[in-house]
Amino acid sequence: MKQYIVAGNWKMHKDIPESRIFVSNILDKLIKQQRSTIILCPPFTALFNVYELIRNTSIALGGQNMHSEPKGAFTGEISGEMLLSAGCQYVILGHSERRHIFGETDDFIRDKVKRALQVGLKPIICVGEKLNERQSGETLDVVRRQCDSALSVVNEQEIGHCVIAYEPVWAIGTGVVATPQQASEAHSMIRKLLSAKYGAENAEVIPILYGGSVKSSNAASLIQAQDIDGFLIGGASLIEDEFVRIAEIVEDYVKQREL
């Protein structure tokens with residue numbers, strides 16, 4: 001059965017008090033979304049405090065990043081085991097900001113994916129092209145390379161625990177959003193890659209999310225595009241009404257599909 005996901009990546013926003021207030025204000029509205037999976041990804045410092053609020057609800061917790069090693073002399077880093085102990089079920093890996101601001105390589109991201117699965121976390125694997133790569137017609141090549149690397153350590157049993165997020169770098173935080181056609185083209189290619197590697201039946205149920213300036217004003221048109229199974233949301237996930245409305249849009253879409 002296909003899973004639809006609405007994930008909020010708060011990035012470096014909201015301290016502990018702000019996080020508690022935010023979740024408390026939207027909790028009753030979010031737990032009504034029963035047909036889709038809601039994931040909140042606050043900063044590391046607020047993880048456990050958010051978990052205490054969503055514990056025993058259908059809302060899941062996710063980390064924004066993790067290291068590929070279980071422990072060691074890695075100042076400022078956090079391990080998968082630490083995320084688990086804070087209540088996380090998911091972890092975002094390979095986000096464009098990690099790739100292009102902090103210089104994370106395909107190989108490093110691959111090792112993180114492997115470690116996440118080993119400890120029992122579900123990786124949200126981010127892929128996407130920069131503006132110059134899209135303009136030069138390299139979109140599909142870039143996405144294919146990133147997928148091939150990250151999934152090279154994922155076997156047929158493990159792929160069911162993975163989520164893919166297509167995030168065109170040129171659309172993240174810019175206010176520019178990929179058209180439904182542009183997003184669907186990339187998502188369909190990812191689905192074909194998954195099908196070739198894991199079989200059509202497995203590929204069909206792996207959630208492929210779109211991320212990049214998602215708002216309530218464009219969510220309805222995007223969620224209806226082929227092979228889009230939800231959203232990884234940045235800025236709009238910080239605004240109570242916006243995040244709830246996007247979740248409602250996805251929920252309504254899933255209800256319509258069930259009719």
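**Rings and helix packing**

Trainee: Starting with Phe48: is Phe48 buried, exposed or partly exposed?

Mentor: Phe48 is partly exposed, because its relative accessible area is 39%, and the cut-offs are under 20% for buried and over 50% for exposed. Keep in mind that this is a predicted model.

Trainee: And what about Tyr51: buried, exposed or partly exposed?

Mentor: Tyr51 is partly exposed, with a relative accessible area of 23%.

Trainee: Where do Phe48 and Tyr51 sit?

Mentor: In helix H2, residues 47–54. Phe48 and Tyr51 are three residues apart there, so about one helical turn separates them.

Trainee: Now the rings. How many aromatic pairs are there in the whole structure?

Mentor: Four aromatic pairs turn up in a search of the whole structure. One of them joins Trp10 and Phe22. Their ring centres are 5.2 Å apart and their planes stand at 80°, so this pair is edge-to-face.

Trainee: Which parts of the chain does that pair tie together?

Mentor: Trp10 is in the loop between strand S1 (5–9) and helix H1 (16–30), and Phe22 is in helix H1. The pair therefore ties together parts 12 residues apart in sequence.

Trainee: Are Trp10 and Phe22 buried or exposed?

Mentor: Both Trp10 and Phe22 are buried.

Trainee: Back to Phe48 and Tyr51. How are their rings arranged?

Mentor: The ring centres of Phe48 and Tyr51 are 6.2 Å apart and the planes meet at 40°, so that pair is tilted.

Trainee: New topic: helices. What numbers describe two packed helices?

Mentor: The angle between the axes, and the distance between the axes.

Trainee: Which residues make the contact?

Mentor: H1 brings Phe22, Asn25, Ile26, Lys29 and Leu30. H11 brings Glu240, Asp241, Phe243, Val244 and Ala247. The contact of H1 with H11 has six nonpolar residues, one polar and three charged.

Trainee: What about H10 and H11: at what angle do they pack?

Mentor: About 20°, with the axes of H10 (residues 216–223) and H11 (residues 240–258) 9 Å apart. H10 and H11 are therefore roughly parallel. H10 crosses H11 in a right-handed way.

Trainee: Which residues of H10 and H11 meet?

Mentor: From H10, Ser216, Ala219, Ala220 and Ile223. From H11, Glu242, Arg245, Ile246, Ile249, Val250 and Tyr253. By type, the contact of H10 with H11 has seven nonpolar residues, one polar and two charged.

Trainee: What does Glu242 touch?

Mentor: Beyond residues up to four places away in sequence, Glu242 touches Lys215, Ser216 and Ala236. Glu242 and Val163 are 79 residues apart along the chain, and their C-alpha atoms are 23 Å apart.

Trainee: On to the loops. Where is Ser68?

Mentor: Ser68 is in the loop between strand S3 (60–63) and helix H3 (80–85). Its relative accessibility is 12%, so Ser68 counts as buried.

Trainee: What is Ser68 in contact with?

Mentor: Phe108, Asp111, Lys112 and Arg115, leaving aside neighbours within four places in sequence.

Trainee: Last one, Gly160. Buried or exposed?

Mentor: Exposed, with a relative accessible area of 62%. Gly160 is in the loop between helix H7 (139–151) and strand S6 (163–166). From Gly160 to Gly62 is 17 Å, C-alpha to C-alpha, and 98 residues in sequence.

How values were computed:
Residues numbered from 1 in each chain as written. Predicted model: local features only at pLDDT ≥ 70, side-chain atom pairs only at ≥ 80, totals over all residues. Heavy atoms only, no water. Axes fitted to C-alpha atoms, helices over the stretch in contact; angles between N-to-C directions. Helix = DSSP H or I, 4+ residues; strand = E, 2+ residues; numbered from the N terminus. Parallel < 35°, antiparallel > 145°, perpendicular 65-115°, else oblique. Left-handed = near helix turned anticlockwise from the far one by under 90°. Contact = heavy atoms within 4.5 Å. Nonpolar A, V, L, I, M, F, W, Y, C, P; charged D, E, K, R; others polar. Buried < 20%, exposed > 50% of the residue type's maximum accessible area, 1.4 Å probe, protein only. Phe/Tyr/Trp six-rings, centres within 6.5 Å; stacked < 30°, edge-to-face > 60°.
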